[in-house]
Every structure is written in structure tokens, then in C-alpha cells.
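Dear colleague,

I am handing over the structure we spoke about, and I would be glad if you could look through it before reading on. My notes on what was found follow below it.

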Amino acid sequence: TRPATLAVVLTLVAAIAVNALLDDSAAPGAGMIATANAADGRGEVGVFNFAFVAGGGKRTPALLEGGPKGERIYGTVARQSIFWSCVQPREGAWKMDGCRQVRLVDQLQAAGWDVQVVLRTKAGQFGNGPFWATDWPGQKENPDVAYAPVDMLDEPSPEFAYSKGFYDYVSRVIDRYCDGSQCRIHSFVIDNESNSREQWIGRGKTPESDVADYVRLVATARKAIDDSGARLPLFDSGIQGYAVLWHVLAEELKARGPQAAAATYSAYFNAESSPDRIAKMIQQRVKRPPIAKINLFMESDLHRYTDGVNFHHYQTPQSIPALVDYLRKRAPAGHAIATNEVGVREKIVQSTDKDLINAWMIQKMVYLLDSEVSPVIWFTILAKANLGGFTTGQAKFKPAHAAAWNSFASLVGDGVTDVSMESAEAGDQALMRAVLKSPEGRFAVEWFEGDQAGNWSDVAGPSGCETDQPRYANRYLRVVTCDLSLIHISEPTRPAPLSRMPSSA
């Protein structure tokens, strides 16, 4: 059973010893003190901001205007990026009001969304040529990759930590959305999937240098937040879940042997392989840079500066508890665990059955909330065969997936405060049953185990639940309400933009 909140506050008041993986010259955070606090731990859900192509080729922002037929997208948190190149395209030239990403954050707030702002250092489509703030001599920039700031230091400055340019960028965004300690945005996330060189590259050419420079970047953001007095949660980029799971498999191999590791691999990646082959794969893959960096990050000073550990997830729903447990054991005590990108990848689900994809979507939400992950943000766009997106490759709206999401998210409302899960049986079929509680009341999610289809008319649901009027149902899963007051809810309350003020110690 999940507690109502995770009101644990972590205050660090002494310098932490330099991590053994980094030498003294590369030690992030030396002599600096973080004021990181655990974020509000309620079970919030939300979506990645997206648009679809309406009639005449116009791109319509669905979180502002709804779907083609006015369908509202439910949730409380919206993920939206702000690129450094958008707000400062040239050195000394600030264009905060002229940045369309900033205007979109403003519009999302006006529509009632609590916006998680992802601060990106990559150039993207803003401006021509290399981005001045990250254009290192001799380095050919890819505009779709984030790089370390050109002014990054090896040792921290008492004025701005490691990068004056990045410090100023973060401070400008804070000034726009915070008034003293109170802020009108949900949280900051620094860049994206920093364990992958497809997303983040430091100044050196080794995994260790990539990690060290990313930690310096986050330490700089931490200082900008603390200097402003804002009570604004700060999360890391979101490490790739597949990479974390290979470390989970390595632990399984060491503790229980190849047979158990092969069974776990099958459960987490929805694929089969022999025990001997899996043992070799594990030993090889944990050495690959994107995977090796997971432990480099968790053993570094990174989470001295953050309020929570952020990860992304595309593997099976059943892999979530072990992944979260791995991170929680390595994070500072009391740190929140969050995910700002969850989806269903085609090579993992190995099916294009819309019902199965929707079942995985809702199962993932349940496992994440039961594991006390918050916020949970669904990846609503189509990217790298993300079948759980709400748009096609041509940016056409997919109402079936959006409707399945809404059936669940509308019942979550402002946040889940309790989850209980149990195994059950319906005739000769095994099923999982979760009962969740939100401010509006109780609701239940049930699914047949092993991705099996079944007949829900033969299944008696939890006591007091309206199984004859499911909020959502397909061959694999159903969502039912358990309080009469929930049956007719059409517009669950979405809070106005919040003042994010974690308690201080």
C-alpha cells in the first residue's frame, strides 16, 4: 500500500567526498553545498506536450485545444522543453519573450497545466550553424545533440559554479516563472538521456568525462536555483531504462545464475534466449558506454544536486518494480523517483494490436504509481516506433490511444494517494488486480496475466466496483470505478499552476 505522500526532506550541509571514479581535477561539486529537497511525492500523471496536423496542414496543440473532436487530454503535468538557443540565439542577445517555446509554456499554464520545463543545451532548429554557447573548437556539432557549454570550468566558481553562460540561462528562466520562493512551474529537468552520446556529449571522449561534465551542468543549475531562493524541484535528464535493466540482470546473474537471468531477461524484454547466451550478453553489455554510465552516474555526485532520480521506460510493465528498486537503493535516502518519458516500443511489445498496446500503457501507469514514482509522464508522440503515442508518423491524431489514456488519467485526477495490488483468478485464467485511490475516490484496474485475452463478463471485480459499467475495457484489461460518485465524472479537477514549494528542513 502506498502512503499518501513522500514528505521526506533531505538537506545536505557538508561537502561530500570526491567520487572515486573521478580524479580531483574533475571532481564536480567540490566545496559546494546543495539545498536539494525531496519533491512532492503524490502520484501525479501527465503527458509529453504534442501537436497533431489538423485540416489544411495546421498543427494543433492538443493540450491547449483538444483533439480533432474536442477531446480533452487528461493529466496535471505537461513536459515542455526550452532550448538555450531559443532564448539566447546569440551571446548577449536574450529573446525570452520572442522564444516560441517560452510562449508555449505560458499557454500551457493558462490552460491549467503544471509544466515541467526541460532545459536543453542543444541548438535544435533555432538559428543557423553551430550554437555559440556549446561550439567547441574542433568539434562538429549536431544540432540534435546537447553539448557541454563552451565556458565550462573544471573547478567551481563561487559565483556561478561551472558555467557562467548556463547559470545565466537557468537564472533567466527562473526569473520568468518564479517570484521569490514561489514558482509557477512544476520542476526543472536538465537535458535528455545523458547516458547516451546521441543525446549528450561532454568535452572529453570517455564515458567518465561525459558523466563529469553532465554533473557539472546540473551543479550549475542547482546553484542558480538556490541563489534565486526558488523552491523548485530539479531532476536529472532521465536515464534510459533499458540500460538500468542490464545492471539488474547482472545482479540476477551473479545472485542466481544464468537460468534465472534468462527468465528475468524474458520477463523484462519480452524476448527469449538461452541461459549461456544471456550470461555472455550481460557481461558484454554492462561494459558498453550507455549502460556503464548508469552506475557512473549513480556513484557520482549527481544526486547531491537533484531532488529526484529520473528515468525513461519502454520495456515490459513487469520490469518496472525491479528498475525502480535498483535506482532507489543507489539514490540518496528520501530522493524522489520520477519518470518523464514512458512509452510502448514496437520491438518490445512485438505487436501492433491497439488493445494490447493500451493495456500495456495502463499497466505501466499502475506499476509506476505502485512503485511510488511521481510524476509519471506518458510519451505521447511517435518516435522510434513508440506505438503508445497519440499521433502517427504523419502527425495524425490516434483517438484510440488517447481515449484509453483518458479513461485512466481522468480517474487519477490530482494524484493517486494509495495503490494495492494482488493476484486473482477467473476460472482458469490468472489476473492482476490493482485498486487505486485518488482524491475523487477509488477505482480498479484488472488485466489477464501473460498478455492473455479473456472475457470480462465472467470476472467478478473487486467488492463495490461497477464492473457492469467499466470506464474502459478491452480483451486484455479493464478500468472500473468503485465509488458511485465517480461514474458520472466528466471533468476531473485540474489544479491551477502550482507553487512548487517542498518543505525545507
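In which sense do strand 9 and strand 11 pair, and over how many bridges? In this predicted model, strand 11 (residues 234-235) pairs with strand 9 in the parallel sense, and two bridges hold the pairing; within it, Val189 stands opposite Phe235 of strand 11. Strand 9 also runs parallel to strand 5 (residues 114-120), to which four bridges join it, and there Val117 is found opposite Phe188.

Turning to charged side chains, a search of the whole structure finds 22 salt bridges. One of them joins Asp226 and Arg222 at 3.3 Å, N to O, and these two residues lie four residues apart in helix 5 (residues 207-228), about one turn of the helix. Asp226 is partly exposed, with a relative accessible area of 22%, whereas Arg222, at 4%, counts as buried.

Another salt bridge brings together the side chains of Arg330 and Glu251 at 2.4 Å, N to O. This pair links distant parts of the chain, with Arg330 in helix 10 (residues 320-330) and Glu251 in helix 6 (residues 241-256), 79 residues apart. Arg330 is partly exposed at 29% relative accessible area, and Glu251 is partly exposed at 38%.

Finally, Arg304 forms a salt bridge with Asp301, their closest N and O atoms being 3.9 Å apart, and both residues are buried. Asp154, Arg203, Asp213 and Arg216 are linked in a network of salt bridges.

Methods:
Residues numbered from 1 in each chain as written. Predicted model: local features only at pLDDT ≥ 70, side-chain atom pairs only at ≥ 80, totals over all residues. Heavy atoms only, no water. Pairing = 2+ DSSP bridges. Salt bridge = Lys/Arg side-chain N within 4 Å of Asp/Glu carboxyl O. Buried < 20%, exposed > 50% of the residue type's maximum accessible area, 1.4 Å probe, protein only.
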